Amino acid sequence: MTADLFPSYRGDMEYFCLGCGKRFPTDELYYTCPDCGGVFLLENLAFDELKKTSGEEWRAIFDARAASKKTALRGIFRFYELMAPVIDEEDIVYLGEGNTPIIESSPTLRECTGIRTAYKNDGQNPSASFKDRGMACGFSYLRALIRKHGWDQILTVCASTGDTSAAAALYASYVGDAIQSVVILPHGKVTPAQLAQPLGSGAVVLEVPGVFDDCMKVVEHLADNYRVALLNSKNAWRILGQESYAFECAQWFDWDLKDKCIFVPIGNAGNVTAIMAGFLKLHDLGIITDLPRIFGVQSHHADPVYRYYAVDNPDERHYAPVTVTPSVAQAAMIGNPVSFPRVKYFAEKFEHIGGKDSFQIIQVTEQQIMDSMIQANRNGHIACTQGGETFAGAKRALGLGLLSEKELCILDSTAHQLKFVDFQNMYFDNTFPPEFEVSPDTSLANRPELVISPEEKATLSADEYTRTTADTIVAKLGLKKK
């Protein structure tokens, strides 16, 4: 079937510096501009050739590929022409990433909040976070580069609060051969579940004192001075892969994004950048006719992007890094997002097409994040703390009068809830350290209850234990006989 044919189209990709505007070829590893230090975007100089195909035809092509059994077209590269159309089929890495579901909230949750919400559960990616989208693209490019140059060894390195390291280590272990994976983590700032993932995938795990920003400085130094493949969001190929989130959202709703709002945690600002870039590509090609509204969400413990956009007059805005304090949204606990210049670049393009309200930043508290995560999960979702952040952002937007009743809020849950069970347990146990500024809502928190004591069990026969335990449960729950 034609859906299984790998595309013959090839683009012409260049790095484009947002600082000085200079361009560089993509046959080498670049992360920041060697002339000015600015961050890069990847631009396809042959993009206009895609406009020879109508938006309707593109919709049909991508819809047909959704049923493809060809490995290279089953994940994010279903949208090959829109992302990295310089990579050959043999170099594409696919581990089951992408195609994550969008689950609308239950009637009970809608009634409780007064908002129409739906979670896109990116925790259902292979390493249980959205980072797999970017890694699939980044490692496909790296695989092509290794083959082209005949490299026999290259070190992949990233700074991480958990999700990036898990994804990088997983994809590195799969590609293997010349690649050795190293991840640098902030000591004591990563949950045991997140630490276990890169160790399990065979990466060299190095912990350093400080926070994510400190780790990032070490990684940047290594990338500037040694032949290593940096896999944080400074890597423009990673951002490119994360555009697939936007493409999937559009396809899920049959390419109709009218009255849709996308809520995204900011973090290092790579994901919100990629999502805006993806929607703009779809709009430019006529694949969609309406842009959704984008809401970036930040905790008050790490909110430099919010502070920048809180100033209404663009001429008076000034970006400045902030010193972060502990946040349950660990992946978003970043005081100086690498991708802020990209955010500003794409936000201006978004606002030019969709108006001033098409891009906004919402600030929420740590208490609101945890309450929202627990509330979502008690109503059938599997939201992580970042998913709690986006849900809190939607509720905050409603309270500020920024949403209408007809709009659907698509919430980005960037990772799986199980990565953050430690925070959930602290919430239920009321053991959050004071600096988090979180205490449990007693209507949401619940703990396991002991039905009978071990001492009482020891005095009972097997039959007596069964009857006594069952009778206690019946009395407690008020059960009625059949």
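Strand β12 gives 5 residues to the lining of the second largest pocket, the largest share. Strands (E, at least two residues) and helices (H or I, at least four) are DSSP runs numbered from the N terminus. A pocket is an open set of points on a 1 Å grid over the protein atoms alone, where a 1.4 Å probe fits, with protein on both sides within 12 Å along at least five of seven lines; lining residues have an atom within 4 Å of a point. This is a predicted model, in which local features need pLDDT of at least 70 and side-chain atom pairs count only at pLDDT 80 or more, while totals for chains, interfaces and linings use all residues. Residues are numbered from 1 along each chain as its sequence is written, and side-chain values use heavy atoms, with hydrogens and water left out.

Let us stay with the second largest pocket. Its lining has 16 residues, and Y309, A310, D312, Q360 and I361 lie nearest the centre. Two or more lining residues come from each of α10 (304–309) and β12 (359–364).

Now turn to the largest pocket. Its lining has 30 residues, with E43, K281, Y345, F346 and K349 nearest the centre. Among the elements that each supply at least two lining residues are β1 (13–17) and α11 (340–354).

Finally, look at helix α13. The buried residues include T385, F391 and A397. Just after α13, G401 takes a positive phi of about 75°.

Conventions: Buried < 20%, exposed > 50% of the residue type's maximum accessible area, 1.4 Å probe, protein only.
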